[in-house]
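Subject: Structure handover

Hello,

Here is the structure you asked about, followed by notes on what was found in it. Please open it next to the text and follow along.

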Amino acid sequence: MSIKKYETDAYTTNFVGEILTCNKVESGYAVTLKETYFYPEGGGQPSDKGFVGNAVVLDVREKNEQILHILDRAVAVGDHLDCTIDWENRFDLMQNHSGEHILSGIICKQYNCNNVGFHMGTEKILIDFDAKIEEADIAKLEAKANEAIWTNTPILVTYPNQEELAEIDYRSKIEIDGQVRIVQAGEYDCCACCGTHVVSAGEIGVIKIIGIQSYKGGTRLEIVCGKRALLHYDKKNRSADEAGRMLSVSGEKVAGAVTNLLAEKDDLIQKLSKTKYDYFKLLAKTIPEGVENVAILGDGFAGKDLTNLADILVETTGGRAFVMSPTAEGFAFVLISKHQDANDYMADLKTMFSGKGGGKKEAVQGKLAGKSKDILAYWREKGFCIIN
Ligand SMILES: [Zn+2]
């Protein structure tokens with residue numbers, strides 16, 4: 001049985017480890033130490049990283065009360081080697097795990113619910129609750145959690161006996177046999193946990209909720225704490241400032257400026273569509289007297305423009321209108337016919353211009369390949385008047 005020194009001391013990062021066993025395994029070498037400060041993956045917290053001598057610690061797992069350090073190379077049994085824990089990684093996990101406890105404690109109390117899922121990802125922490133958390137409550141919950149930081153609430157690890165434990169109201173995801181390890185963050189939280197925690201909440205720095213969504217009938221929160229929260233803020237701040245510079249406003253006013261921009265865009269779209277309609281009407285007026293069928297090569301018309309123009313043309317002529325416009329691959333087209341024979345032309349278009357598409361007898365649309373002059377020549381041959 002390995003002696004788990006990290007349970008009572010989360011701050012020692014350099015120690016001399018006595019190698020008890022070293023066995024080749026699939027992912028490297030599984031090594032046990034007489035005493036270890038390396039935290040094995042568990043309770044939602046990822047394992048520590050670092051070195052045992054010159055060997056890289058790839059993973060740390062707990063199996064049958066043994067802490068297995070998975071190393072990238074073999075080490076000699078009986079050796080006493082300098083061990084180093086990657087403190088930046090460990091402290092990040094401590095800040096986020098302790099932050100998660102405080103926020104979960106507050107939420108579970110307020111909503112009388114349970115924390116039913118906890119995952120510490122490399123970017124954010126996911127916490128699942130079996131209750132609907134109101135989005136309107138987020139700011140208050142966040143402020144309450146950060147109050148624990150501002151008052152530098154002590155975070156205590158204790159090992160109560162069965163009698164003492166019976167008197168404690170603590171959160172726990174699972175039934176625990178044997179000694180229970182209690183992590184208490186003042187009035188904010190009391191939870192059974194095997195993870196490594198900061199000793200005072202001030203070290204967490206900040207607790208920030210960055211996402212909320214409905215999840216399996218309850219709620220999933222995404223949070224970041226400590227340095228992660230600072231980096232997250234920095235990323236968002238830079239992005240807002242960059243957008244602000246483009247819109248000539250400060251970063252805080254980006255949303256308002258974008259709302260105005262979208263309103264301007266909608267207004268322009270409406271004006272453009274009115275201008276197009278007027279232009280299509282003018283085009284229809286250029287059709288010579290007595291012409292029933294027309295074909296036109298437009299430029300820069302989107303799908304709806306083709307249909308709108310073709311509609312206006314057949315309203316004027318009472319016959320057929322073929323409208324096409326260049327696309328990246330060839331041409332988009334629409335053929336509208338008051339004679340209800342639009343589909344009759346599809347066979348020719350498929351054979352001669354690799355036509356794709358179709359539709360009803362009064363209207364077909366699709367794509368064509370080939371040269372515009374050849375396509376227009378086809379319609380001229382069919383008795384259509386080409387208008388420009
Ligand atoms: Zn925990």
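**Helix 2**

The model is a predicted one. In helix 2, the buried residues are Ile138, Leu141, Glu142, Ala145, Asn146, Ala148 and Ile149. Looking down the axis of helix 2, you will find these buried residues within an arc of 140°, so they line one face of the helix. The background is simple: an α-helix has 3.6 residues a turn, so residues three or four places apart point the same way. On the face turned away from the buried side, helix 2 carries the exposed residues Ala139, Lys140 and Trp150.

What covers the buried residues of helix 2? The cover includes helix 1, strand 14 (207–215) and strand 15 (218–225).

The length of helix 2 can be checked as well. Helix 2 runs over residues 138–150, which is 13 residues, and at 1.5 Å a residue it should span 18 Å. The C-alpha atoms at its ends are 18 Å apart, which agrees. After helix 2 comes Asn152, which has a positive phi, near 50°.

**The zinc ion**

Which protein atoms are the donors of the zinc ion? They are NE2 of His97, NE2 of His101 and SG of Cys193, at 2.1 to 2.3 Å from the ion. Along the chain, the donors follow the spacing H-x3-H-x91-C. His97 and His101 both belong to helix 1 (residues 87–111), and because they are four residues apart there, about one helical turn separates them. Both His97 and His101 are buried.

**Around Thr196**

Thr196 is found in the loop between strand 13 (189–192) and strand 14. Is Thr196 buried or exposed? Thr196 is buried, because its relative accessible area is 1% and the cut-off for buried is under 20%. Leaving aside residues up to four places away in sequence, Thr196 touches Tyr6, Ala10, Tyr39, Gln45, Arg90, Met94 and His97. One of these, Gln45, also has a side chain joined to that of Thr196 by a polar contact of 2.8 Å. His97, another residue on that list, is a zinc donor.

**Salt bridges**

How many salt bridges does a search of the whole structure find? It finds 17. Three of them are described here.

Asp48 and Arg90 form a salt bridge through their side chains, with 2.7 Å from N to O. Asp48 sits in the loop between strand 4 (35–36) and strand 5 (50–52), while Arg90 is in helix 1, so the pair ties together parts that are 42 residues apart in sequence. Asp48 is buried, at a relative accessible area of 1%. Arg90 also counts as buried, at 1% relative accessibility.

Arg228 and Asp92 form another salt bridge between side chains, at 2.8 Å from N to O. This pair links distant parts of the chain, with Arg228 in helix 4 (residues 226–247) and Asp92 in helix 1, 136 residues apart. Arg228 and Asp92 are both buried.

Arg73 forms a salt bridge with Asp72, and their closest N and O atoms are 3.1 Å apart. Arg73 is partly exposed, with a relative accessible area of 39%. Asp72 is partly exposed too, at 32% relative accessibility.

Regards

Definitions and conventions. Residues numbered from 1 in each chain as written. Predicted model: local features only at pLDDT ≥ 70, side-chain atom pairs only at ≥ 80, totals over all residues. Heavy atoms only, no water. Donors = N, O, S within 2.8 Å, 3.2 Å for Na, K, Ca; no water. Helix = DSSP H or I, 4+ residues; strand = E, 2+ residues; numbered from the N terminus. Buried < 20%, exposed > 50% of the residue type's maximum accessible area, 1.4 Å probe, protein only. Expected span 1.5 Å × (residues − 1). Arc of directions from axis to C-beta. Contact = heavy atoms within 4.5 Å. Salt bridge = Lys/Arg side-chain N within 4 Å of Asp/Glu carboxyl O. Polar contact = N/O pair within 3.5 Å; in protein donor to acceptor, adjacent residues only side chain to side chain.
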